[in-house]
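Please read them with the model open.

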Amino acid sequence: MKVTFYGTRGSLATPGEGTVRYGGNTSCVAVWGEGGSLLVLDAGTGIRALGEAVERGLGRVDILLTHLHMDHIQGLGFFDPLFWPDLEVHLWGPSSTTLNLHTRLSRYLSPPLFPVRLRDLPCNLTLHDVVEERRFSPPGFEVEAGLVCHPGPTVGYRIEEAGRVLCYLPDHEPLLGTSELPASRRWIPGLALAEGADLLIHDAQYSDDEYPDYVGWGHSSTSAALAFAEAAGVGQLVPFHHDPWHTDAILDEMYCGLQSSRELPFAITPASEGQSIQVG
Ligand SMILES: [Zn+2]
Ligand SMILES: [Zn+2]
């Protein structure tokens, strides 16, 4: 499988602010299967450009939402394939304790916030509550969802294809308040999803200096993301969900030399828009 990044930010940033290389769109990652099937991870503003890359004739698309914060659903109504009558679209995402995914999403995809209601989309749309369906199998893939540490119902995804494993944890604060691993691995939320993954896409919104001001906001520091990746034994870490204030220059400074200075047992590739990575 191959992943391509269409949105890498925790909130919109504009090119004028020096964010050309890492990109300014919010979370959206395309996962292309060996057989040509497509998973879309989150529907941030990056999904609009992905829609232009999808070819007519594709029979099915699965969109996996981690949670319903605006930066992860903002682009959904601008994903052109939703308006193709011949396309089967499966939309997976967490329900809350009282509301299912359809009701929660409809709060955004209905007037006055958006002119088109979910039920009026021309595609053949099916919604799935992932809290009830923790394991599912879109064509070509095996997917496991699990709750992670972030405000409100939020899941991460472990995706397997032909023995290769991708883990997607874009909004996650597993080591709340610290970058030290706890005494027991069982106390690290989300670790089972990432265990032994070939590629881990993980929240690394804050620098270590910034993080103390944002404890409990649901995002990780650089060092916490590295510690989590090391505990999980991943092959490659993609720091993701960049802070909107982090320009290309700041992100370069955060990640250049990190690998050599810390002697980490995995490669680090900070997410940037347009970049593709073959998994495994
Ligand atoms: Zn987010
Ligand atoms: Zn969030």
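In what order do the seven strands of the open sheet that includes β14 run?

1. The order is β6-β5-β4-β3-β2-β1-β14, and the pairing is mixed. Strands pair here if DSSP finds at least two bridges between them. Helices (H or I, at least four residues) and strands (E, at least two) are DSSP runs, numbered from the N terminus. The edges are β6 (124-129) and β14 (276-278), each pairing on one side only. From one strand to the next, the twist averages 20°. Axes are lines fitted to C-alpha atoms, for helices over the stretch in contact, and angles run from 0 to 180 degrees between N-to-C directions.

2. On provenance, this is a predicted model: local features need pLDDT of at least 70, side-chain atom pairs count only at pLDDT 80 or more, and totals for chains, interfaces and linings use all residues. Residues are numbered from 1 along each chain as its sequence is written, while chains are lettered from A and ligands numbered from 1 in the order in which they are written.

3. Within this sheet, β3 (residues 38-41) and β4 (residues 60-64) run parallel, joined by four bridges. L38 has V61 of β4 as its bridge partner.

4. β7 and β8 (residues 142-147) are antiparallel, with two bridges. F136 stands opposite V143, and R135 has E144 as its bridge partner.

5. Contact means C-beta atoms, placed from the backbone, within 7 Å.

6. Overall, the protein chain has seven helices and 14 strands. Its radius of gyration (over C-alpha atoms) is 18 Å, close to the 19 Å of the globule rule (2.2 Å times the number of residues to the power 0.38) for 280 residues, so the chain is as compact as a globular protein of that length. Residues 24 or more positions apart account for 68% of the contacts with a separation of 6 or more.

Definitions and conventions: Two residues are in contact if their C-beta atoms, placed from the backbone, lie within 7 Å.
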